[in-house]
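Thank you for making time for this. Before I say anything, please bring the model up on your own screens, and then we can go through it together.

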Amino acid sequence: MYNRQKPPLACSRFYLKIYIITKTDLFFNCYAAKIACMATKIYLTSFKGGTGVTSFCIGLGLALAELGERTLIVDGDTLSGGAIIAGGLSNMQVYTLADYEKGACRAKQTLIPHAQTANLCFMPSIGLKNAEAANRAVADVEGLFDFILADKTAKESCDRAIIVTEPFLPSVKSADCCRNALADGGFKDIGLVVNKICGGQILNGEIMTAQEIAAVLHLPLTAVIPEDLTLSAGKYRNATIKAFKLAAAAVCGKKEGTCNVIAKYAGLGGYIKRKLREKV
């Protein structure tokens, strides 16, 4: 039988110190390696429906994957699987978190790789009854990813939060309540995304700028996503793609800056666009 080596307590003090230092270094090296393998887990949420949490989650996930970051999107829609439908993976699931909850599969078996984008996976939760199973599943697979985006689920397992709001008063008020709830729940790193914002309405004085909304809510501005009427058809305009890339860079800490939504509505051509938009 292999006998486990015992600390050389009988040796001199010099060798005893060497032994202790070696064991201590080994412990901290293993701990550092474990920390390095942990994914950045972000909880995306909004108290008000229709602000675009799921669409932003998918757009951010695609942009992070293009940067080479291994990204997982955890779908919080337990009824219809909204994220996997919007992500183009409808009916491609073999197992869901409901099966994981029952012990019928492992967390890794619920993952759905995106067919067209490398480094991106989805985790469906159709039929899930207990949200605690989502937290356990995220903990099981976090070593496989660099970023985990939780779409209104697995709140307890996340260390960061992003509130998605529209630039209109009901959404801003809802975002303020959401910020208070997250802060009371222990979140210290909370960001803000202003979604569906139109530069023409800003110039007409109908809505506040994204920076003004962030100042009112006392939150750092993570991203600004312009209004894009083609998103509902599964398409992205060039300005929207650029905005998601800026959002991904901001989340990674590689670059600061937000999308300029006013530029195309400035000048004579922008004035015509604003007038045409009023009639649409």
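A residue is called buried here when its relative accessible area is under 20%, exposed when it is over 50%, and partly exposed in between, with a 1.4 Å probe and protein chains only as cover. What we have is a predicted model, in which local features need pLDDT of at least 70 and side-chain atom pairs count only at pLDDT 80 or more, while totals for chains, interfaces and linings use all residues. Residues are numbered from 1 along each chain as its sequence is written, and side-chain values use heavy atoms, with hydrogens and water left out.

Let me start with Thr-110, which sits in the loop between helix H4 (97-102) and S3, helices (H or I, at least four residues) and strands (E, at least two) being DSSP runs numbered from the N terminus. Thr-110 counts as buried because its relative accessibility is 0%. A polar atom of its side chain lies 2.7 Å from the backbone oxygen of Ala-107. If we set aside neighbours within four places in sequence, the residues in contact with Thr-110 (heavy atoms within 4.5 Å) include Tyr-95, Tyr-100, Phe-122 and Pro-124. Over the whole chain of 280 residues, 42% count as buried.

Now to the sheet, where 8 strands form an open arrangement in the order S3-S4-S2-S5-S1-S6-S7-S8, with mixed pairing; two strands pair if DSSP finds at least two bridges between them. Strands S3 (112-113) and S8 (221-226) stand at the edges with a single partner strand each, so one side of each has no neighbour in the sheet. Further in, S1 (residues 40-45) and S5 (residues 147-151) pair in the parallel sense over 5 bridges, and Thr-40 stands opposite Phe-147 in S5.

Which elements cover the buried residues of H5? Among them are S1, S2, H4, S4 and S5, and the buried residues of H5 (residues 132-141) are themselves Ala-133, Ala-134, Asn-135, Ala-137, Val-138 and Val-141.

Finally, the axes of H2 and H9 (residues 238-252) come within 8 Å and cross at roughly 75°, where axes are lines fitted to C-alpha atoms, for helices over the stretch in contact, and angles run from 0 to 180 degrees between N-to-C directions. H2 is therefore roughly perpendicular to H9, a label that covers 65 to 115 degrees, with under 35 roughly parallel, over 145 roughly antiparallel and the rest oblique. Among the residues making this contact are Phe-56 and Leu-60 of H2, and Phe-244 and Val-251 of H9.

Terms used. A polar contact is a pair of N or O atoms within 3.5 Å; within protein, one must be able to donate a hydrogen and the other to accept it, and residues adjacent in sequence count only if both atoms are side-chain atoms.
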